[in-house]
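This report covers one chain of a predicted complex.

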Amino acid sequence: MDAARLLPVLGALLFLLPMLWSPLPGEEPGRSTASDGLYLFAAWAVLIVVAAVLGPRLVSIEQGKRRPGDVSETDDAGD
Amino acid sequence: MQGIEPMVPFNILVLVCLAYVLVLFTVAFVVEHAAVRRRARWLHSPLVYTLSLSIYCTAWTFFGAVGYAARSGLEFLTIYLGPTLVFVGWWWVLRKLVRIGKAQRVTSVADLISSRYGKSNLLGVLVTLIAVTAATPYIALQLQSVTLSFGVFASPVDTFGAPPGKEATALWVAVGLALFTVLFGTRNLDANERHHGVVTAIAVEAVVKLAALLGVGIFVVWGLADGPGEIFARIEASPVAHWTLDPGRWIGLIFLSGAAVLCLPRMFQVTVVENVEESHLATASWAFPLYLALMSLFVVPIAVTGLMLLPEGANPDLFVLTLPLAGGQGALAMLAFLGGFSSATSMVIVAAIALATMVSNHIVMPFWLRMQPSRAVTGDVRRIVLLSRRVSIAAIVALGYAYYRLSGGSAALAAIGLISFVGVAQILPAMIGGIFWRGATRAGAATGMILGAAIWAYSLYLPSFGPEGIISAAVMEQGPWGIGWLRPQALFGIEGMDPLIHALFWSLTLNAMTYCLVSILGFPSPIERVQGAAFVNVFEGGLTTGGWAGGKAEAEDLLILSGRILGEDEALAFFQAEARAQGKEGFLPDPTPEFLDGLELRLAGSVGAAAAHAMLSQVMGGETVSVEDLVAVANETAQVMEYSAQLEEQSEELSRVARQLREANEKLTQLSEQKDAFLSQISHELRTPMTSIRAFSEILMEGGVPAELSARHAAIIHSEAIRLTRLLDDLLDLSVLENGSVRLDLALVTVQELLDRALLAASETRPERRFIVRRDLPSESIYVTTDPDRLTQVFINLISNARKYCDADQPEVRIVVRQRAGRMIVDIIDNGTGIPEESQALIFEKFSRLTDQNRAGGAGLGLAICREVMTNLGGTITYLPGQGGAAFRVIFPLRLQKAA
């Protein structure tokens, strides 16, 4: 469950990473657009795969929790 | 590659479009019917759900992404990366939204916000206005893209200018879309019944767009180039490679698109409102990002190849179409055309449904309610809601078309996608704050949104109309009245920011800050606190709203109200189920707070939370949040909650049992009283004829009576004996029926025949009264297998009862016949005062007679016999409350099987 929470954070980091090696506006680009694209798609694929692995498990956790009629799922309290 | 001729004549293109729409139509129609018969299990598959989410990819992304890539390189990806993050992180926000949506029966994003902040209609109106303002140009953009792509086919690509009938094309597209949306989007009233047909049609369109874009991409990579290697080299060599990553825009756009996927009314509609099962989100969490990735996979290759191969100045927004055309691939171009067409149509359809629901629930309905002079809601609300939704759909599409005409289909539209995103993103603080922060208040949400929307309009939306538009070039340069720090694109004197990011930053920052500040300084009203707790703690169950205390309303009034909104059958079914849950028989539950909450939620599914609350308030008389509710909200710590939930469960169980016992006891007492009364009654009934028989026979025995007189005496004896026999027959009949040892003579008859016979026989009861009988003969001509004599007996009884007891000046009997799931339903309704609520439970008992007035013979066995007859016929007879008179519902099977 915590992995599911961390996944978007990891995704954001991966997607923001290209900013580090990109040159300032106006400078001549020192890296390749095509490989940047490849990198982004690879990061995307990683996210998709991890989400696909996590998804069914989360559902089964969820259902397992709801079955016994447990009313206090406290770990989702917003405040 | 020069001199590309159009592959397809214009009229054939129109035919293809029509055929395509017809296919969609059929899909929607078939699915809708399957859904009604509850056969379509596959409808509820997570795949359909995921595909329906693809309306995120509108024509703007289908055609525009390539243009975007041609102009600014990889930046177009941000539009897909944001939603990817949101969906991958579904555990945080989406799951909660969907759960809340289900628990509160949310009908739209405006309804969510309005419901969270104390069912405030002000907020509903605000969100609706923002959404409509932001969506109008977006719809115009879809019309433009369809028109442009028509243009590509209908005339050589070199002369993009004005293909003949451009306005007409857009008009026809708009009219067609409005029609489709009205037909399939406003069938059901309750949002929780969902639009299966539309959703499936949209899933089909999603497949078409994906196939089209992948097809063009594969053709470009392996047809026009030698595979990925060469494309790689071409990208490096092309002007696209010279884009620079602006960190501000990069972060800003990822954030913006993530916000938009949550706040866009159409996305909210498919993600939350149309969601059938929460677990579908788990699938969508990876499948939807996958869909987005596939949609954007070939965008850069297409852009690069288009820039290389097509003549200078060709519109990069249309590369998806023009590249296959230039390559001589007519069929592929047609597929691409249909892909774009799909993207545009699906977006317009869902957006129109979502916006129309909002407009109708938050603007039209409250206004209409305000117009109602009386406290109670009158008239058929259901029809009015549907009508207002239909009109809203037409109006919204018309607005889009008007915008398209006014803007002249210019390039100014191209940037509108992101501008529209910033507009709806103003809802984000109120939404996220609303589901995570209990202290958020209505005032905070309202001021934040108003401020954010104002900044958005001032610094981004209005300037997008161009220098001749509402904001003049002078104001843009020097600020209004020469105040420099108010310049629309350099607020507070901060210059050099990208206009879009500038507007996004200021509007959202100030929006969120005001929202928090006003919320902290203010204090939420009771309803807001209750709703806030229900939203934030949605996963903890228990403690739902709890707002209606003290049942001042009559259950019957509520039934009438909900009948007008939900439809009569559904309301009756709902009330019956609730009554059963309370351990009561019949159709009328006690107006307990729990029941009222349930009813409000149910109504909210049809007309929105605010309107439902207002309607119930009208019936209940004022808003009612009791001190106990507030104490309950204030005190609930986790332990108390858990403990009290258990206690509550037990006490609920206890009170249900107690109620059942009490009712049974009451019934028994009443029955025993009745039995005593009957015994004296029956001995009286038996003794009167007996006495006269004895007296007259004694006279005859004494002899010496003239022949004429003795004949008369004999006649009296005879008729009294007949009366006795009839009474005994009735008693015997009843006991036979009760034992279940009755013999049924089954035969095939029409319902009409039965009713004709019954009406004829019943006309002997009080023949002096003129009765109007309303029937619908065609609905009665259904053959049933049953015991005609027995069933007729029941009808005779009901109709003569109506003739006997109906106290209206112009008595009238209405007979409604329906067929449902292999059973016939016959309602017999008169226009008298009906039967008072406290007696409704007793009328079917033996020897019960409501009043002594109007007694027309009989010992009060009629309805008891009816009930036993119906039980023997495998059916039921019940009293129907809330019909404006005494009403009985007789239900029996179409084909009665012979038992033995």
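## Terms and basis

Two residues are in contact if their C-beta atoms, placed from the backbone, lie within 7 Å. Helices (H or I, at least four residues) and strands (E, at least two) are DSSP runs, numbered from the N terminus.

This is a predicted model: local features need pLDDT of at least 70, side-chain atom pairs count only at pLDDT 80 or more, and totals for chains, interfaces and linings use all residues. Residues are numbered from 1 along each chain as its sequence is written, while chains are lettered from A and ligands numbered from 1 in the order in which they are written.

## A covered helix

Helix α2 (residues 46–53) of chain B is mostly covered, with six of its eight residues buried. A residue is buried if 20 or more other C-beta atoms lie within 10 Å of its own, exposed if 12 or fewer, and partly exposed in between. The buried residues of α2(B) are Val48(B), Tyr49(B), Thr50(B), Leu51(B), Ser52(B) and Leu53(B). Their cover includes α9 (196–223), α12 (265–273) and α13 (280–297) of chain B.

## The chain as a whole

Chain B has 34 helices and seven strands. Of its 900 residues, 48% are buried. Among contacts in chain B with a separation of 6 or more, 81% join residues 24 or more positions apart.

## A helix pair

Helix α31 (residues 751–762) and helix α33 (residues 788–805) of chain B have axes that come within 8 Å and cross at roughly 45°. Axes are lines fitted to C-alpha atoms, for helices over the stretch in contact, and angles run from 0 to 180 degrees between N-to-C directions. α31(B) and α33(B) are therefore oblique to each other. Angles under 35 degrees count as roughly parallel, over 145 as roughly antiparallel, 65 to 115 as roughly perpendicular and the rest as oblique.

From α31(B), the contact includes Leu754(B), Leu755(B) and Arg757(B); from α33(B), Phe795(B), Ile799(B) and Arg803(B) are among the residues involved. The contact residues divide into 11 nonpolar, two polar and two charged. Here Ala, Val, Leu, Ile, Met, Phe, Trp, Tyr, Cys and Pro count as nonpolar, Asp, Glu, Lys and Arg as charged, and the others, Gly among them, as polar.

## Confidence

The complex has an ipTM of 0.81 and a pTM of 0.69 from the predictor. Chain B averages a pLDDT (the predictor's confidence in each residue, from 0 to 100) of 79, and 82% of the residues score at least 70.
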